[in-house]
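Work through the two exercises below with the model open, and check each step of the solutions against the coordinates.

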Amino acid sequence: MELLNNIQRNYKSGKKSLAVLIDPDKAEGDNFDNLLIASISCQIDYFLIGGSLISSDRLSYVLNKTARIKNIPKILFPGNSLHIDNKADGILFLSLISGRNPEYLIGQQVISAPILKNSGLEILSTGYMLIDGGVSTTVSYISNTTPIPNSKNDIAVATALAGEMLGNKLIYLDCGSGAKYTVPAKMIEAVRKNINLPLIVGGGIRTAEQASSAWNAGADIVVVGNALEENPGFLYDLNEIRKKKRIIA
Ligand code: 1GP
């Protein structure tokens, strides 16, 4: 319960967190090395490791490579039941509650539960909500689910509430990796007002202002992946904003 306790503590105290998403299939070369160096130097809060598609050996490669970074938790962000590796610290046990595909609501979870039971990984039950980010994303295609329209705050609130009532411990609002638009601040605010759970927000964040706006609107953990793959130095800008939020908090 160490990870969840820590996330809940930060949520209750208003301490904003930053997670760097590593897509194992893209984790190579100088940019990846530089991203790890920047992550250590900025002392980011979490690594999220995963993607909708992963060649099997790449997940293990990333976990071996990040193993020496002891003080930053490694959390799996799986695309399916194959994406499990005991070298991580925990796993977002996702249910795609914005979708209506039983395979991603409960099917993959049933397959992976017995494996996870003996894995030693901390299980973080997460209501995962895909929001329309203006482009067709891999996660939408692979999961065969329709994202919530980004103007429909009422649907987002009702879905997040259902996720909370079903017992999820975290809610993740995601426009999907490489989205054109981020989750609108008004939607984050509306969800934040209605649930009493830590809120993770990501997808399409490319500027420090966008990250700042997500934190201001009520995100507890902001996730950035794509923009850092292209420019690891962007992490230093994000960290400056995070530091300011923490002083205010
Ligand atoms: C995707 O929320 C994450 O699931 C991060 O998205 O790669 O677009 O930053 P980006």
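On a 1 Å grid over the protein atoms alone, a pocket is an open set of points with protein on both sides within 12 Å along at least five of seven lines, and a molecule sits in a pocket if more than half of its atoms lie within 2 Å of its grid points. This is a predicted model, in which local features need pLDDT of at least 70, side-chain atom pairs count only at pLDDT 80 or more, and totals for chains, interfaces and linings use all residues. Residues are numbered from 1 along each chain as its sequence is written, and side-chain values use heavy atoms, with hydrogens and water left out.

**Exercise 1.** Locate the ligand and describe its polar contacts (pairs of N or O atoms within 3.5 Å).

*Solution.* Start with the space taken by the ligand, which is the largest pocket. Next, turn to the oxygen atoms of the ligand: one lies 2.8 Å from a polar side-chain atom of Tyr-172, while a polar backbone atom of Gly-178 is 2.8 Å from an oxygen atom of the ligand.

**Exercise 2.** Describe the dimensions of the chain.

*Solution.* Along its principal axes, the C-alpha trace of the chain spans about 45 × 40 × 35 Å.

How values were computed:
Polar contact = N/O pair within 3.5 Å; in protein donor to acceptor, adjacent residues only side chain to side chain. 1 Å grid on protein atoms, 1.4 Å probe; cavity = no way out; pocket = protein on both sides within 12 Å on 5 of 7 lines; lining within 4 Å.
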